Amino acid sequence: MVLAIFLAFVIFVVALSFYLGRRTKTSSGYYAAGGQIHWGVNGIAFAGDYLSAASFLGICGMIATVGYDGFLYSIGYLAGWIVALFVVAEAMKRLGKYTFTDALDSKFNSRGIKLAAAISTLMVSICYLIPQMVGAGVLVEPLLGISQHWGVIIVGAVVITIVATAGMASTTYVQFLKGGLLIIFSLALVIAVCWRGFTTQPTPKGHTRYEYQSLAALEVDGKITIADSARKLIREYVDAASQTRFVSLAENGRQSWWKVEQGETGITLHETQSVVVTANGSKLINGAPASEGNKLRPVGNVELLRGQKVANTGSVSPIEMLAALSDKNTIVRRWKDVKLTDADGAKVTVYYSALTKGNQLMRPGIKFKVQGTPLEKLDFVSLMLALFLGTAALPHILIRYYTVPNAASARKSTIVAIAAIGFFYILTLFMGLGAMMNGVLNPADSNMAAPLLAHSFGTFLFAFISAIAFATVLGTVSGLIVAASGAVAHDLMDRYMKVSMDDRQKVRAGKVSAFVIGALAILLGILFKGINVTFLVGLAFAVAASANLPAMLMLLFWKHTTAKGITASVLVGTFTALVLIALSPELFKLYGLNPDAAPIPLNNPGIFSIPLSFITLVTVSLITRKKRLL
Amino acid sequence: MLHQPATPAGKDYAVAYKTRLGVWMFIYYSLFYVGFVVINLSSPKLMEAIVFAGLNLATIYGFALIVVALIQALVYSALCSKQERLLAAQDREKERS
């Protein structure tokens, strides 16, 4: 049934795009849906565009693994709409035609601006496309039983079909449909979570409850000895980053990994889960060959609720749910991972649990170290800055201002978007925490938290939530590819290179560009497998805020802004943000290098790249203005 | 040749008013947002304090940032629409006289 609902939904979406595609004949229709979309529809479509894989899969997954820190993304993403509404929305509508470049270039007619803005649009769109494609692969893997990269290829192919057939009109109605359904079904999921209430012994559907063991051990002269003679110690390992110790033990030819905990009376070893990829490529899960019957066990539960074990509380109100989880006597079992290489060259990932008190879980601090070093605090500020300023600078959001007939409609559609998106983001806190406390999480991939939570309530909800999540990816990727293809075909080919094209040729150029960008997105989606998608989107926000926002704000509010100032600001903002990200600790991890060796100690570049972009604009504008006066 | 908007926007009489109002609204909200960041950095444990119905400051402040955004948006839209109607009526009046 899951597959049938899923496929029916995808076929419906593609059929809708074909139907609408037949009506798109002009470039105005392709890039801006003729500028005739109703503001209410456009507002929900905004929500559809914005509530991407990062919001639904990534934020819920991050809340499920690190608690309130994941909700910071919800707050920041929503707050960004204030900048969009109060500063950018109506001005964009007044200034532009099809793309962000049109607006930026409206006062100057500068080739430099056209080139720089098209480059930044392309870069931001590609940065934003990566997490969407990663999310798509993650979703399709359990649904269709195919590998992650085939999932990415299928999404890419469907999206290219959607965009190449209809452009903005199609993506608008797909987004409207998807945005509306996403909010409705997320609400249903939250109601189901509250209805179920709390248990300290969750048993997810299709699984039996597993009790993790603990072993007593002694440490003499730095060497660990186990009391249980049936088990033999093979190796000790210390994770440098977290200073956590692990040992691997052998029992009846089966290897297992244990976390070492130093207590007042001695040492205790706590059982973990492990994935070992041996030098010859075979995969072991928890010491036995990986198979349909041997996968990682789902994790996450409340260990103590207000200091007590509870069989089932029955239904709880949303406020009661958050209050109970915030209690300092509530203990939650979260799961972390550490990667290491065994002596024989095998790659080992150990998944181990950690107990966290409710009062710590429900405030910032687990992922973003607000109590940490000045550098860690700076990273937090940098993230919050980029989230706040990034929304109003996202090209696929900006182009939606051109699909409505006038500035007032742009304003009203933004308000509808804020209402819909704000409501959804409140739901993310409940969905993420629901996944954390119901024992449904895949320890190897946080991105599936919300769909797996839905699965614990039955296949029907799972099928719908997965289909909507898939449509979420389809819709967002469609919007991004329209924005990126607009940058290539309209800004670069038509306006910068002045390639002579009639209206039909312009549409064709847009569609060919969409095909090429879609293919690139497929490739990048495969390469970035396994990274939390909302973290990746956070980086796209930083690039957008650095590249586009300073130019846009200064164009609107500083009369001395020059074309060269804008060009320099956009280029400096884009490349500074990209370089800082490429040299950050998180990307070093992705390259397989030691993150401590990363030359830039921050993961979020906004705190440097955004001010630098502003400074560049002011400096270059003042210099070029003087020359003009002379 | 410069590009024009995709659809003719019509005359907007209230651009200056809306821009000024938008900037002030943006400043108010930014201060509220900055307050959240500053509390987290200066006294993160304060975020654990139970404020209302068992909910801590972090939860209440987080929800407030979302709800206040919507309230400010509605106020902004209502004021803009009122000013647009007022100035359009004045303009029509002028044309008639």
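1. First, some housekeeping. Residues are numbered from 1 along each chain as its sequence is written, and chains are lettered from A, with ligands numbered from 1, in the order in which they are written. Because the model is predicted, local features need pLDDT of at least 70 and side-chain atom pairs count only at pLDDT 80 or more, while totals for chains, interfaces and linings use all residues.

2. Where the chains meet, chain A supplies 51 residues and chain B supplies 40 residues (contact: C-beta atoms, placed from the backbone, within 7 Å). On the side of chain A that touches chain B, α5(A) gives the most, with 14 residues (helices are DSSP runs of H or I, at least four residues, numbered from the N terminus).

3. The largest nonpolar core has 222 residues, and Ile421(A), Ala435(A) and Val543(A) touch the most other members. Such a core is a set of buried Ala, Val, Leu, Ile, Met, Phe, Trp, Tyr and Cys residues joined through C-beta atoms within 7 Å; buried means that 20 or more other C-beta atoms lie within 10 Å of a residue's own, all placed from the backbone. Helix α16 (residues 459–496) of chain A gives the most to this core, with 23 residues. Domain 1 (2–197 + 370–629) and domain 2 (214–361) of chain A both contribute, so the core lies between them (bounds come from an automatic or database domain assignment).

4. Not counting residues up to four places away in sequence, Val543(A) touches Met123(A), Val124(A), Cys127(A), Thr574(A), Ala577(A) and Leu578(A).

5. Helix α19 (residues 549–557) of chain A is mostly covered, with seven of its nine residues buried; among them are Leu549(A), Pro550(A) and Met552(A).

Technical notes. Contact = placed C-beta atoms within 7 Å. Helix = DSSP H or I, 4+ residues; strand = E, 2+ residues; numbered from the N terminus. Buried ≥ 20, exposed ≤ 12 C-beta atoms within 10 Å, placed from the backbone.
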